[in-house]
Amino acid sequence: MSDGLENVVAAHTVLSEVDGQAGRLIVCGRSLDELAGHTGFEEMAALMLAGFVPELPGPKELPTALGAARVSLYEAVVSGARLPAELGPVEAVRALTALIPDGEDAGTLLKLLAAPAVFTPAVLRVAKGLSPIAPDPSLTQAADTLRMLGGNAPTQEQARALDTYLVTVADHGLNASTFAARVVASTRAGLASAVLAGISALKGPLHGGAPGPVIEMLDAIGAPENARPWLEEALDRGDRLMGFGHRIYRVRDPRADALKAAIRKLGADTGRLALAEAVEQAALAILRERKPGRTLETNVEFYTALLLEALGFPPEAFTCVFALGRTTGWLAHAHEQIAGGKLIRPQSVYVGPRPQQAA
Ligand code: CMC
């Protein structure tokens with residue numbers, strides 16, 4: 001038995017490999033370096049899903065099919081509906097995603113791929129008292145998401161930066177949300193149920209909920225000279241430093257550097273980046289001093305926070321954008337699990353009291 005299933009192998013996959021010692025990520029035979037910054041959301045989705053869903057449109061036709069899926073979802077779910085303004089963005093996106101009927105076909109898959117792109121900007125705008133903006137099916141999913149959020153067409157650099165983020169987080173071995181999605185898919189409940197399980201697991205701060213708190217940390221620290229005392233105090237309270245540590249990586253998470261490069265390309269606020277770098281260096285030094293036996297390095301969430309902030313997403317919606325990227329992985333893993341045909345059903349060891357023996 002292993003607490004947290006650490007080091008337990010629970011699936012064979014052709015989708016991705018996380019090498020925690022070398023700090024290397026491979027997705028469908030390509031390294032993260034080959035993918036991030038060179039591949040768009042649609043191309044990545046085609047790469048990961050085409051082998052499992054032959055009727056899915058190819059990389060050239062997928063943008064059009066996905067654009068049509070955004071329009072139909074907007075008309076069926078967003079337009080004229082009362083969006084759940086009393087919920088936070090992740091819960092609201094999850095609630096709206098639950099309106100998509102279950103199925104294992106290409107149509108259901110396209111709707112689920114489009115769902116966070118349509119629902120995230122809509123719930124954010126409604127929370128601010130603004131009207132949602134209808135999708136433009138002629139745009140890529142990344143560009144359209146930014147347009148539906150801010151109201152204007154994004155620059156090419158902004159759309160490319162979001163594509164880089166979405167591709168960087170599309171898949172990552174058997175992380176908690178992907179495992180949850182595979183468990184649900186293995187029962188044959190359907191793809192919508194698998195994605196809902198993925199969103200639910202993703203939202204926790206030990207997984208995809210970390211980047212919002214990274215922004216809170218940077219705001220509270222304010223200036224590089226405050227970093228060390230603030231971080232020391234947080235650790236004295238028993239807090240974890242968000243954006244650091246990983247179950248698999250024993251070196252720096254390669255996705256952190258892919259995202260830092262995207263922030264630089266975007267030409268985002270250099271003062272903010274300098275503050276983040278100072279906080280990162282201070283955090284790494286303190287974690288080395290306090291946890292000498294455990295290598296705690298920067299993970300993907302630290303620079304996710306900066307990149308999504310620079311693109312205009314509010315911190316409370318960062319997990320929704322993570323879900324937009326990771327839905328591709330959840331759906332591919334769900335299909336892989338379904339193709340394997342085996343129900344995931346491990347065992348537990350009972351350690352509770354036993355009934356009284358008859359005298
Ligand atoms: N700050 C302070 N201490 C930490 C941190 C951290 N960020 N991460 C781990 N530790 C300590 C932990 O307290 C424990 O110490 P001790 O042995 O003295 O009790 C030791 O390191 C090992 O921790 P663990 O909980 O056994 O490690 P894990 O593999 O279960 O945790 C983690 C991985 C990501 C949950 C954890 O590092 C963490 O909580 N990080 C902060 C939250 C965060 O950044 N989450 C995003 C994860 S990356 C996105 C993704 O792929 O999901």
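The structure is a predicted model. Around the ligand there are 21 residues, and those that come nearest are His207, Leu241, Gly243, Phe244 and Lys291. By class, this shell consists of 10 nonpolar, 5 polar and 6 charged residues.

His207 places a polar side-chain atom 2.5 Å from an oxygen atom of the ligand. Leu241 takes part through its backbone, where a polar atom is 2.7 Å from a nitrogen atom of the ligand. Arg255 has a polar side-chain atom that lies 3.5 Å from an oxygen atom of the ligand. On its own the ligand has 920 Å² of accessible area, of which the protein covers 77%.

Where does the ligand sit? Its site is the largest pocket, which holds about 1,800 Å³ of space. The lining of this pocket comprises 47 residues, and the closest to the pocket centre are Asn175, Ala176, His246, Arg247 and Ile248. Elements that give two or more residues to the lining are the strand β1 (16–19) and the helices α8 (176–186), α13 (270–290), α14 (300–310) and α15 (318–340). The lining residues divide into 21 nonpolar, 13 polar and 13 charged.

Rolling a probe the size of a water molecule over the atoms shows where empty space is left. How many cavities of 30 Å³ or more are found? The count comes to 1 cavity, and the largest cavity has about 30 Å³ of space. Its lining is formed by Gly245, His246, Tyr249, Val251, Arg252, Asp253, Glu297, Thr298 and Asn299. By class, these residues divide into 2 nonpolar, 4 polar and 3 charged.

Note on methods: Residues are numbered from 1 along each chain as its sequence is written. This is a predicted model: local features need pLDDT of at least 70, side-chain atom pairs count only at pLDDT 80 or more; totals for chains, interfaces and linings use all residues. Side-chain values use heavy atoms; hydrogens and water are left out. A residue is near a molecule or strand if one of its heavy atoms lies within 4 Å of it. A polar contact is a pair of N or O atoms within 3.5 Å; within protein, one must be able to donate a hydrogen and the other to accept it, and residues adjacent in sequence count only if both atoms are side-chain atoms. Accessible areas come from the Shrake-Rupley method with a 1.4 Å probe; for residues, only the protein chains shown count as cover. On a 1 Å grid over the protein atoms alone, a cavity is a set of points where a 1.4 Å probe fits but cannot get out, and a pocket is an open set with protein on both sides within 12 Å along at least five of seven lines; lining residues have an atom within 4 Å of a point. A molecule sits in a cavity or pocket if more than half of its atoms lie within 2 Å of its grid points. Ala, Val, Leu, Ile, Met, Phe, Trp, Tyr, Cys and Pro count as nonpolar, Asp, Glu, Lys and Arg as charged, and the others, Gly among them, as polar. Grid points are joined across faces, edges and corners, and a volume is the space filled by probe spheres set on the points. Helices (H or I, at least four residues) and strands (E, at least two) are DSSP runs, numbered from the N terminus.
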